[in-house]
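Hi everyone, thanks for coming. Have a look at the slide for a moment, and then I'll walk you through it.

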Amino acid sequence: MAELEGLEFGKSDFVLLDEVMMEQFMENLKLRFEKGRIYTYIGEVVVSVNPYREMDIYGKDTIDAYRGRELYENPPHLYAVSDAAYKAMKRRAKDTCIVISGESGAGKTEASKYIMQYIAAITNPSQRAEVENVKNVLLKSNCVLEAFGNAKTNRNDNSSRFGKYMDINFNFNGDPTGGHINNYLLEK
């Protein structure tokens, strides 16, 4: 269970809080962030706090630790959610979706890259190039979209007006075969 992180890191799942009030929620999030724990669960959902710095929690060793594990076997991480979605897709032979939401600058694009990195790492080595290609298209399309659709808001000088829907296609073996990205103008 994710509780094994220890109380010095707060509660790794907000469901385990004694009282579900905004103050306790924020205190727990702050404590975990100060201890370098940027991910916290709310049941099967992961809350991510942008650390605004590089962290050594995305390498091959971390991928290996989360590969094939159940959601609560390791501390909260994007890889755990990615693995759960991938396993559910293969087990049920149905589409699966990971929703990434947050304010401008919250780290949504970075989260997408780490999810794709994980999927690429756990799939057939000959198919990894497909996931990498989708990831590269995402990154390259960002700067073009920003040139046309960003605007100044009260909270951000360069806030995007676009939403993205990324689709990675898999074959019956669970190997990626392609993908595409749709961009949506959210407001003018």
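So, how many residues apart are Lys 30 and Glu 34 in helix H1? They're four apart in H1, residues 22–34, which means about one helical turn separates them. By salt bridge I mean a side-chain nitrogen of Lys or Arg within 4 Å of a carboxyl oxygen of Asp or Glu. A search of the whole structure finds six of these. Helices, by the way, are DSSP runs of H or I with at least four residues, strands are E runs of at least two, and both are numbered from the N terminus.

Quick housekeeping: this is a predicted model, where local features need pLDDT of at least 70, side-chain atom pairs count only at pLDDT 80 or more, and totals for chains, interfaces and linings use all residues. Residues are numbered from 1 along each chain as its sequence is written, and side-chain values use heavy atoms, leaving out hydrogens and water.

Now the second largest pocket. A pocket here is an open set of points on a 1 Å grid over the protein atoms alone, where a 1.4 Å probe fits, with protein on both sides within 12 Å along at least five of seven lines; lining residues have an atom within 4 Å of a point. Of its 39 lining residues, the closest to the centre are Val 46, Ser 48, Leu 78, Ile 100 and Ile 115. Helix H3 (78–92) gives the largest share of that lining, eight residues. Strand E2 and helix H4 (108–122) each supply at least two. E2 spans residues 45–48, with Val 45 in it.

And Ser 104? You'll find that one in the loop between H3 and H4.
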